[in-house]
Every structure is written in structure tokens, then in C-alpha cells.
Amino acid sequence: MTWLIPLFKIYYDNDDIRAIKEVISSGMNWAVGPNVTQFENEIAEYIGTKYCLTFNSGTSALHTELISHRIGEGDEVIVPSFTFIATANAPLFVGATPIFADIDEITLGLNPDSVVESITPKTKAIIPVHYGGCPCRIRELREIADDHNLVLIEDAAEAFGATIDGKNVGGYGDSAMFSFCQNKVITTGEGGALVTDSRVLYEKAKLIRSHGRLETTDYFSSSECMDYITLGYNFRLSNISAALGLAQIKKVEIIIDMRRQIADTYTSLLRKYVPAASPITTPSGYKNVHQLYSIRIPDRDGLMRFLTDHGIMTKVYFPPVHLTHFYCREIGYKGTLPITEKIAKEIISLPIYPGMPDEDVKRVVKIMSDYYGG
Ligand SMILES: Cc1ncc(COP(=O)(O)O)c(C=O)c1O
């Protein structure tokens, strides 16, 4: 379907096109190359961590983190259900069990009280999510992890550039993941990154990312025979994608500012014209980068149909993972999560993207106001 106003659009300029053209026309280094290392250095510097490794998706970065932290069979990992399914699947990839905890109604991230209630002697790690670009209560979760000797892995897929009191998310966990999929804050089409301050974790993850190969130099431009010392995958980000990443990261503050401005416009118009809507509020000191603009609203499904009829795309981020066919039927999950289930019935994500004209924001709000008889 072609939408009059899509949910997201990719923000790009001539720098992105030039960056890719350069790699392509060099006729080499399309897979591995210098852009990858440079992109990693720039991410680490921006987030404020010692190390960064890029990946071909956020999911492969998360998978690698679980292996690198030695999480496996018999271990439990606490995750939200109000997330993209990859967060919960990652423990399953390594034979561990995801344990769903509930979220808090403000940040829509893991509720620290629910996390504490979910801890058992088998708990090994917590994977909190920074929903839609809003930091979760990560400082409290850091304390819980420290008190119970648990690994904290941030799923910051949606929150590149989000901060609490000036400190970037991604810097609170023992490691963290970002996604650069096309609907994220910055994008390489598909892609992801792992950040950490641990040299040991970084070295392990680097091996896993590329077949377990002990790389002393660039594999493709060396005739040296390299040894394989562990089980690994091909989770590498290509040098072409990394070139795009470098062009994108240069614009990250502009992108974030535009997203935040559009979110502010939505919030003030909705408060005025659609009183039924409850915009998500960001706690003070928290910087929300608004990868999503989500609100809670009654009769959400009727509104979605009405907006669709007017060519406006919306989406439910997220239908709870624990209620999917896979988790209910295949895994046999039986629990309930009252806050997650309540919010999932009311939440709707409205179109937002850098460069979205004010006129389009007004049009979305006008149609919503018409629906609610405003
Ligand atoms: C919260 C969350 N976790 C994990 C992922 C997975 O990232 P990727 O699509 O890059 O594999 C996403 C992406 O949609 C996400 O939103």
C-alpha cells in the first residue's frame, strides 16, 4: 500500500550516496574495509564506551553478546514482553530461558520492582529495552544487576543518542546493542552495533562475529593462513554499509533534533485537539530521541482503521511477545503481565521522521480530532 503519510522515511543526503559510491567504485573492500573500523571508533566515541563492534543486524549483535557473556542452557534471562521479539529470542538462541517481567507506565521499559520479583537462583542476566528512543529506568536496573551479580545487557536498538542526565544509554550495561535497521535513528539499511567497556568481552565478540577466526590482519587481502579457535558466525557489517553509517552518524544530532521537534509539535497539538490521547511523557533529565512517537488512546483499533482510510500509516509497537503464537503455542508460556497487556491494547505509534512537514503532523492530528468528534 502506498501511504499519503508513511510511518517513517529514511533521512539521507548526497553524502550518503557519495560514501557508498566511493566504496563501490574502488572495486574492492566491499565486505571488510577501513570504514568498518572508523564507524566503530566513531560510535564508541559518541556513546562514550571504550569499545564498539559493528554487526549485520541488532539481532546478531545481541546474540553475540549472550554467547560472549557465557549465557547458556539452564540460565534465565529477564526481558520485557513489550518489545520486538528479537529481545526475547536472543536467550533462546543460546539455550537459555527468557523470563518476562512487566513494564512501568511512564518509560514503558522494564519495571525494576517486577524485575526483582522475577529473579531466581537461575537468573543470569537482564535485558532492558529503551522503548521507542526513551531511556528506561536503567540506573535502578544497574543497581539491581550489581546487587544480584547479574549481567546487564541494554537493548538500545531504538535509542541511539538517548541520554539520562547527559550520559548516553548503551553506557550503563555490561554491554549494549544498537540497531541500524532502516526505521532506526541512524541507518545502514540493516546493521547493528555492540558497545562495551570490557576488553575481554570485545575480543570474544570479535571472534564470534567472524567465524571464530583469529584475524591478525584483513583476511581478504592477506595470503596468511589464519586459525579458527571457537565457533563463530558471519555477523559482519559490510564496508559498504559502514560507509553509509559514517555518513549517517555525522548527521545524528540534526536527525535527533528534528525528531524531538516533531514530537513536541504532536504533543502540544494533541493536548489541544485530541484530549482522549495520552502522549507518553519523558521523565525529567531523560532525553528521548523519538525513534517512535507513541501515544495511548481509547478505541485504538477504530482510530487505526480511520487513519488508514485517510492514507495515514500507524502501527502497534508492540504486541506483547508473550502473546505471540510462538511463545504461547510453541514455548507454552502461560503467565500474564497486566501492565504490558493493558498498554498494548491502547498504544499506537504515529508517523514520525526527520523532515516530516508540520502540515503533515497537523493533518494527522486533524483526522484524529475528527475521529473523536473534536
Ligand atoms: C527493541 C528492539 N530490539 C531488537 C531489534 C532487532 O534489531 P535488528 O532489526 O537490527 O535485528 C529491534 C529492531 O527492530 C528492536 O526494536
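## Domain contact

In this predicted model, 28 residues of domain 1 are in contact with 28 residues of domain 2, contact meaning that the C-beta atoms of two residues, placed from the backbone, lie within 7 Å. On the side of domain 1 that touches domain 2, helix 4 (85–93) and strand 6 (163–164) each supply at least two residues. Helices (H or I, at least four residues) and strands (E, at least two) are DSSP runs, numbered from the N terminus. By class, this side of domain 1 has 16 nonpolar, seven polar and five charged residues. Ala, Val, Leu, Ile, Met, Phe, Trp, Tyr, Cys and Pro count as nonpolar, Asp, Glu, Lys and Arg as charged, and the others, Gly among them, as polar.

Domain 1 covers 14–249 and domain 2 covers 253–371, with bounds that come from an automatic or database domain assignment. The C-alpha centres of the two domains lie 25 Å apart. Residues are numbered from 1 along each chain as its sequence is written. Because this is a predicted model, local features need pLDDT of at least 70 and side-chain atom pairs count only at pLDDT 80 or more, whereas totals for chains, interfaces and linings use all residues.

## Nonpolar core

The largest nonpolar core has 111 residues. Such a core is a set of buried Ala, Val, Leu, Ile, Met, Phe, Trp, Tyr and Cys residues joined through C-beta atoms within 7 Å. A residue is buried if 20 or more other C-beta atoms lie within 10 Å of its own, exposed if 12 or fewer, and partly exposed in between, with C-beta atoms placed from the backbone. Helix 8 (residues 239–249) gives the largest share of this core, seven residues. The core lies between domain 1 and domain 2, because both domains give residues to it.

The residues with the most contacts inside the core are Ile 126, Ala 193, Leu 194 and Val 195. Leaving aside neighbours within four places in sequence, Ile 126 is in contact with Ile 78, Val 115, Leu 141, Ala 145, Leu 150 and Leu 152.

## Ligand shell and helix 3

The ligand is surrounded by 14 residues, of which the closest are Ser 57, Gly 58, Thr 59, Ala 157 and Ser 179. A residue is near a molecule or strand if its C-beta atom, placed from the backbone, lies within 6 Å of it. Helix 3 (58–68) and helix 4 each supply at least two residues of this shell. The shell has five nonpolar, seven polar and two charged residues.

Helix 3 is mostly covered, with 11 of its 11 residues buried. Among them are Gly 58, Thr 59, His 63 and Glu 65. The buried residues of helix 3 pack against strand 1 (51–55), helix 4, strand 5 (151–155), strand 8 (175–179), strand 9 (192–196) and helix 7 (199–209).

An open sheet of three strands has the order 10-12-13, with antiparallel pairing. Two strands pair if DSSP finds at least two bridges between them. Strand 10 (278–279) and strand 13 (347–350) are the edge strands, each pairing on one side only.

Two bridges join strand 10 to strand 12 (residues 293–296) in the antiparallel sense: Pro 279 has Ile 295 as its bridge partner, and Ser 278 has Arg 296. Strand 12 and strand 13 pair in the antiparallel sense over four bridges, and Arg 296 stands opposite Ile 347 in strand 13.

## Backbone features in loops

Two residues are noted for positive phi. Arg 70 is not a glycine, yet has a positive phi of about 60°. Arg 70 is found in the loop between helix 3 and strand 2 (76–80) and is exposed, with 11 other C-beta atoms within 10 Å. Leu 108 has a positive phi near 65° and is found in the loop between strand 3 (97–101) and helix 5 (112–118). Leu 108 is buried, with 27 other C-beta atoms within 10 Å.

A cis peptide bond, with omega of about 10°, joins Tyr 317 and Phe 318. Phe 318 lies in the loop between helix 10 and helix 11. Gly 311 is found in the loop between helix 10 (300–309) and helix 11 (325–330). Gly 311 is partly exposed, with 14 other C-beta atoms within 10 Å. Not counting residues up to four places away in sequence, Gly 311 touches Trp 3, Leu 4 and Ile 5.
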